Amino acid sequence: MEVTDGESIKFKYPGEELINNMPFSGFAKIHLKSGRTITGEERITINGVEDFEKVILTYNPEDVKGLV
């Protein structure tokens with residue numbers, strides 16, 4: 001694993017050569033070999049129209065990085 005710019009990480013899955021690059025917001029938790037865990041931001045789950053009060057509007061492109 002390698003931190004690229006402070007906002008994303010590069011990593012490979014075991015047994016694969018492909019290098020993946022994802023923003024930290026794409027992870028709930030990252031477990032390191034050392035045993036340390038890095039916890040991401042709390043995720044909001046929307047299951048249907050009844051969860052409309054959980055929706056947050058944003059005009060900041062950084063908030064949706066990795067989602068679009």
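A salt bridge is a side-chain nitrogen of Lys or Arg within 4 Å of a carboxyl oxygen of Asp or Glu. By that rule, this predicted model holds two salt bridges. There is also one aromatic pair to look at, and the protein averages a pLDDT of 81.

**Salt bridges**
- E17 and K12 meet through their side chains in a salt bridge, at 3.8 Å from N to O.
- In this pair, E17 is exposed because its relative accessibility is 67%, over the 50% cut-off, while K12 is partly exposed at 46%.
- D51 pairs with K54 in a salt bridge, with 3.9 Å between the closest N and O atoms.

**Aromatic pair**
- The structure has one aromatic pair, formed by F11 and Y13.
- Their rings lie 5.3 Å apart, centre to centre, and the planes make an angle of 85°; the arrangement counts as edge-to-face because that angle is over 60 degrees.
- F11 is buried at 13% relative accessibility, whereas Y13 is partly exposed at 45%.

**Confidence**
- Of the residues, 87% score a pLDDT of at least 70.
- Among the elements, strand β4 (residues 29-31) has the highest mean pLDDT, 84, and strand β1 (residues 2-3) the lowest, 62.
- A friendly caution when browsing the model: where pLDDT is low, the predicted coordinates should not be read in detail.

Terms used
Residues numbered from 1 in each chain as written. Predicted model: local features only at pLDDT ≥ 70, side-chain atom pairs only at ≥ 80, totals over all residues. Heavy atoms only, no water. Buried < 20%, exposed > 50% of the residue type's maximum accessible area, 1.4 Å probe, protein only. pLDDT = per-residue confidence, 0-100. Helix = DSSP H or I, 4+ residues; strand = E, 2+ residues; numbered from the N terminus. Phe/Tyr/Trp six-rings, centres within 6.5 Å; stacked < 30°, edge-to-face > 60°.
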